[in-house]
Amino acid sequence: SDEECTLENLLKISPDDSSKLPPQISIPNSFALAEASHVAGLNTPSKTKSGAASPSMICTHVVFDPVLARDLPDWVKYGTAMRGLEHGIGVICHPGA
């Protein structure tokens with residue numbers, strides 16, 4: 001399609017039509033596990049936090065390479081690991097789980 005790739009256009013795609021999307025590949029460099037989610041957080045041009053969720057936004061491939069995280073400062077390792085734990089608990093405890 002010639003449509004511009006924007007968050008709004010991505011959210012218009014139903015899970016049944018997700019085959020129209022190219023493969024979504026994530027190579028994380030921390031431990032927050034957001035790449036395993038269908039939720040995206042972002043900052044808007046007006047500098048406010050926003051987000052979106054759609055089954056069509058989940059990555060189709062995730063490549064975990066421990067070498068990418070080897071030189072992270074400890075505060076990033078521990079902080080993102082706690083965030084990953086929080087994400088996991090959130091998935092399990094969500095009413096739709």
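Where is Ser26 in this chain?

Okay, so what you're looking at is a predicted model. If you walk along from the N terminus, the order goes α-β-β-β-β-α-α.

Back to the opening question. Ser26 sits in strand E1, which covers residues 25-26. Is Ser26 buried or exposed? Its relative accessibility is 13%, and the cut-off for buried is under 20%, so Ser26 counts as buried. And who are its partners? Leaving out residues up to four places away in sequence, Ser26 touches Glu35, Cys59, His61, Val62 and Val63.

Now let's jump to another spot, Lys47. You'll find Lys47 in the loop that links strand E2 (39-43) and strand E3 (49-53). What's its phi angle doing? Lys47 has a positive phi, about 70°, even though this residue isn't a glycine. As for the surface, Lys47 has a relative accessible area of 74%, and anything over 50% is called exposed, so Lys47 is exposed.

Let's zoom out to the whole chain. The accessible surface comes to about 7,500 Å², and carbon and sulfur atoms own 61% of that.

One last thing, about contacts. Take the contacts in the chain with a separation of 6 or more: 62% of them are between residues 24 or more positions apart.

Notes:
Residues numbered from 1 in each chain as written. Predicted model: local features only at pLDDT ≥ 70, side-chain atom pairs only at ≥ 80, totals over all residues. Heavy atoms only, no water. Helix = DSSP H or I, 4+ residues; strand = E, 2+ residues; numbered from the N terminus. Contact = heavy atoms within 4.5 Å. Areas by Shrake-Rupley, 256 points an atom, 1.4 Å probe, with all protein chains shown as cover. Buried < 20%, exposed > 50% of the residue type's maximum accessible area, 1.4 Å probe, protein only.
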